[in-house]
Amino acid sequence: MAQDRGQFSSKLGFILAAAGSAVGLGNLVAFPVMASKNGGAAFLIIYLFFVAFICYPVMMAEIAMGRSTNRNPVGAFSTLSGGKLVWRLAGMLAILTPFMIAVFYTVITVWLVVYIKEIFSGNLDLLSRPGNFGEVVARPSLFAYLVSLLFLIFFILLGGVKGGIERLARVLMPTLAIMLVLLVAFVLTLDNASIGVSYYLVPDFGRVDLAVINGALSQAFFSLSLGMGILITYGSYFNRKDNIAQSARMVAIADTSIAFFAGMLILPAIFAFDPNTNTDDLSTSSVGLIFDFLPQIFLSMQETVGFGGASVAAGVFFTLVFFAALTSLVSIIEIPIACWIDELGFSRKKAVLFQAVLLTAFAIPATMSLGISDFFTNFTSYGGVSKSFFDLVSDVFYETILPFVGFTVCIFCAYNWRVSGLKEELVIGDDSYSGSLVEKYINFSLGTVIPAVLLIVFISTVNQIYL
Ligand code: PHE
């Protein structure tokens, strides 16, 4: 069993892999739109505050739980609590959540592949037509793309922690950063781009209310891939001589910087398209924005750079989003795999195959949820709205459960493992932790302010979606 667990080759390997997980659709699309709707730099300041004071301690706690036990979330909760059932259940929730999130994240990634193929086949104009997205997601040919994507992902995961996950992140993360910088530089040369920049960067505190604050915290939590057992599992592959506090900080900085730069890309592009854009009208859904709106924006660039130039810009952008989604997806699917290896004693190969079968079984109905099958499209209804199977999975696991799992991690570390146990792990590889301000802050807040805030976010989300 032990030889199948694997380890990152270095601190940098861990940072790149964890940043690969963290950088995803949330950074590239959701963050810029939320920021511009909710007061620009005012939102950014609140977001940074939450990253530093709520998310960073939770990141450290998750990594420490994984590294100290060398286990997946179920194993970590169970080992540290001496096998208590309630904590085993908390661990299971941290496996079930990524398991289900992988289902709909896979479907979104399949759409990205279809868009990239269409753009590079010279069909950007078709993608920009109103209603096109509804047509793409109802195409039966999606299954062929689904199968190819699943083969690619499970092939990467068969390569293990170092040869698969880390290697992928080492290639894709720097590539992604370069592509982003080039696209930002290009977009800033467009007419009216500066209106977008000032919209993004001028603070407007008048727009900040409780809902905005709540949204900023959910977004920060989601963007850092917290509450999903990801950092527990990645922590279990993290070398004992390396520094947890510093590595977590690097991941948070990388994730937040990419989100920030994505804003410097998306908003100038939107304002170059229409200088009178009212950002309140922009869809809050990342999916609607990426697949409905952005192709139109890229197509509009043809007036300055021609259809070919616009297609290349769109192609680079969609490839960038695809890379971000792929590294996130690999991290999500690794969590149940680690659980099968640790808890069921499977070899990596057997665990990967087992997970491939399970994921395929759920991804098929999710793919059929947007028009292919009536049953899955109108699967259920709550909060007064009809919901597809895809919506159900996304609402329950993506939108709702994450802060709750974060809450259980804090309560567990503060009261069961105890702050002293956590500290014992955090000082390994970090001489400066003991007595530091970070330590004092964690000792004070991990059992009090942080879980309280996460619980409030959880309750208000439940209230908003289901009641
Ligand atoms: N953190 C990723 C983002 O910002 C999303 C993600 C979700 C990653 C779930 C892993 C798991 O988009």
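## Helices around the space

Helix H2 (11–22), helix H3 (25–37), helix H6 (85–120), helix H12 (210–223) and helix H16 (302–344) each give at least two residues to the lining of the largest cavity. Helices here are DSSP runs (H or I) of at least four residues, numbered from the N terminus. A cavity is a set of points, on a 1 Å grid over the protein atoms alone, where a 1.4 Å probe fits but cannot get out, and lining residues have an atom within 4 Å of a point.

This is a predicted model, where local features need pLDDT of at least 70, side-chain atom pairs count only at pLDDT 80 or more, and totals for linings use all residues. Residues are numbered from 1 along each chain, and side-chain values use heavy atoms, without hydrogens and water.

## The lining

Of the 17 lining residues, Ser21, Tyr105, Phe222, Ser225 and Tyr398 are the closest to the centre of the largest cavity. What classes make up this lining? There are nine nonpolar, eight polar and no charged residues. Ala, Val, Leu, Ile, Met, Phe, Trp, Tyr, Cys and Pro count as nonpolar, Asp, Glu, Lys and Arg as charged, and the others, Gly among them, as polar.

The ligand sits in the largest cavity (more than half of its atoms lie within 2 Å of the grid points). H3 gives the most to the shell around the ligand, with three residues.

Definitions and conventions. On a 1 Å grid over the protein atoms alone, a cavity is a set of points where a 1.4 Å probe fits but cannot get out, and a pocket is an open set with protein on both sides within 12 Å along at least five of seven lines; lining residues have an atom within 4 Å of a point.
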